[in-house]
Amino acid sequence: MGADDQITLQVHPTVSEITGYTPSLESLPPQPIIDVRETRTTVHLRDGETLVIGGLILTREEELTRGLPLLSKIPVLGYLFRNTRTH
């Protein structure tokens, strides 16, 4: 902390996520494909202030439909034989 009650921060937040896998080769198993989001900055704050960094987190929704084979494909009635979830 400096004499003027200021704090200097160097921040480098990183968010990484596995998004898939490479095809396997004869001598090498599949390797993960990693999506990395990061930022780097230097900020000056007064003592007691709060730093907020946004935009790194990603929200993803996925819809999964499960059902009985054949019966779930019937128009209109198929709805009774399938389940759809969003997560």
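Student: In which strand is the place of Thr8?

Tutor: Thr8 belongs to strand β1, which covers residues 6-11. Please keep in mind that this model is predicted.

Student: What makes Thr42, Val43 and His44 contacts of Thr8?

Tutor: A contact requires heavy atoms within 4.5 Å. Once the neighbours within four places in sequence are set aside, Thr8 is in contact with Thr42, Val43 and His44.

Student: Why is the pair of side chains of Thr8 and His44 called a polar contact?

Tutor: The distance that joins these two side chains is 3.0 Å. A polar contact is a pair of N or O atoms within 3.5 Å, one able to donate a hydrogen and the other to accept it. The side chains of Thr8 and His44, at 3.0 Å, are therefore said to form a polar contact.

Student: How many residues apart in sequence are Thr8 and Arg60, and how far apart are they in space?

Tutor: They are 52 residues apart in sequence, and their C-alpha atoms are 34 Å apart in space.

Student: Where is the place of Ser72?

Tutor: Ser72 is found in the loop between β5 (63-67) and β6 (82-86).

Student: Why is Ser72 called buried?

Tutor: The word applies to a residue under 20% relative accessible area. Ser72 has a relative accessible area of 11%, and therefore it is called buried.

Student: Which residues are in contact with Ser72?

Tutor: Apart from neighbours within four places in sequence, Ser72 is in contact with Gly67, Gly78, Phe81 and Arg82.

Student: What is the share of buried residues in the chain?

Tutor: Of the 87 residues in the chain, 9% are buried.

Student: How does the radius of gyration of the chain stand against that of a compact globule of 87 residues?

Tutor: For a compact globule of 87 residues, a value near 12 Å would apply, but the chain has 24 Å. Along the principal axes, the C-alpha atoms fill a box of roughly 75 × 45 × 10 Å.

Student: How many helices and strands does the secondary structure of the chain have?

Tutor: The chain has 0 helices and 6 strands. Along the sequence, its pattern reads β-β-β-β-β-β.

Student: How many positive and negative side chains are there?

Tutor: There are 8 positive and 11 negative side chains in the chain, and 14 Å lies between the centres of the two sets.

Conventions: Residues are numbered from 1 along each chain as its sequence is written. This is a predicted model: local features need pLDDT of at least 70, side-chain atom pairs count only at pLDDT 80 or more; totals for chains, interfaces and linings use all residues. Side-chain values use heavy atoms; hydrogens and water are left out. Helices (H or I, at least four residues) and strands (E, at least two) are DSSP runs, numbered from the N terminus. The radius of gyration is taken over C-alpha atoms; the globule rule is 2.2 Å times the number of residues to the power 0.38. Buried means under 20% relative accessible area, exposed over 50%, partly exposed in between (1.4 Å probe, protein chains only). Lys and Arg count as positive and Asp and Glu as negative; His and the chain ends are not counted. The place of a charge is taken as NZ of Lys, CZ of Arg, CG of Asp or CD of Glu.
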